[in-house]
Amino acid sequence: SGSGPWIDNTTTIACEKDNQIVFSTTLAVELNEGASKCNPADPQILTTGSWSFLTSETQLQLVLFGSTIIYSLDQLDDNTIVISRSETIGGIVESERNTLGH
């Protein structure tokens, strides 16, 4: 919270670490459970949607589960994408940063 350090929560979501976000050149996006599922009854493809760049490619917009989420694009290169966003919920600012690689 506030200006505190980012907390790595990947140990609490181990079953999500192999999930895949597949961005296609047709601007479609797919959320895939990967090899290990948190709930075996979940579908392999959680949802599909769309993606686009905004603001001279400094933001990434995802439309998933019927909602639009806009992330700051902190890093994008051949191996890594880092996206972050903040949202105020009930007067509390919640921030997230996701580092994705391939």
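This note sets out points on the fold, surface, charges and aromatic side chains of a predicted model.

1. Secondary structure. The protein chain contains seven strands and zero helices. Read from the N terminus, its elements follow the order β-β-β-β-β-β-β.

2. Overall dimensions. Along the principal axes, the C-alpha atoms of the protein chain occupy a box of roughly 35 × 35 × 30 Å.

3. Burial and contacts. Of the 102 residues in the protein chain, 17% are buried. When contacts between residues at least 6 apart in sequence are considered, 10% of them join residues at least 24 apart.

4. Surface. The protein chain has an accessible surface of about 7,100 Å². Carbon and sulfur atoms account for 52% of that surface.

5. Charge. The protein chain carries 13 negative and 4 positive side chains. The centres of these two sets are 5 Å apart.

6. Aromatic pairs, F23 and W51. Two aromatic pairs are present in the structure. In one of them, the ring centres of F23 and W51 lie 5.9 Å apart with the planes at 90°; because planes over 60 degrees apart count as edge-to-face, the pair is assigned to that class. The partners come from distant parts of the chain, 28 residues apart: F23 belongs to strand β1 (residues 20–23), and W51 belongs to strand β3 (residues 45–54).

7. Aromatic pairs, W51 and F53. W51 also pairs with F53, again in an edge-to-face arrangement. Here the distance is 5.2 Å centre to centre, and the angle between the planes is 85°.

8. Which class does W51 fall into, buried or exposed? Its relative accessibility is 12%, and the limit for burial is under 20%, so W51 counts as buried. F23 has a relative accessibility of 31% and therefore counts as partly exposed. F53, with a relative accessible area of 32%, is likewise partly exposed.

9. The cluster as a unit. F23, W51 and F53 make up one aromatic cluster. W51 takes part in the pair with F23 and in the pair with F53.

Key: Residues numbered from 1 in each chain as written. Predicted model: local features only at pLDDT ≥ 70, side-chain atom pairs only at ≥ 80, totals over all residues. Heavy atoms only, no water. Helix = DSSP H or I, 4+ residues; strand = E, 2+ residues; numbered from the N terminus. Buried < 20%, exposed > 50% of the residue type's maximum accessible area, 1.4 Å probe, protein only. Contact = heavy atoms within 4.5 Å. Areas by Shrake-Rupley, 256 points an atom, 1.4 Å probe, with all protein chains shown as cover. Lys, Arg positive; Asp, Glu negative; His and termini not counted. Charge placed at Lys NZ, Arg CZ, Asp CG, Glu CD. Phe/Tyr/Trp six-rings, centres within 6.5 Å; stacked < 30°, edge-to-face > 60°.
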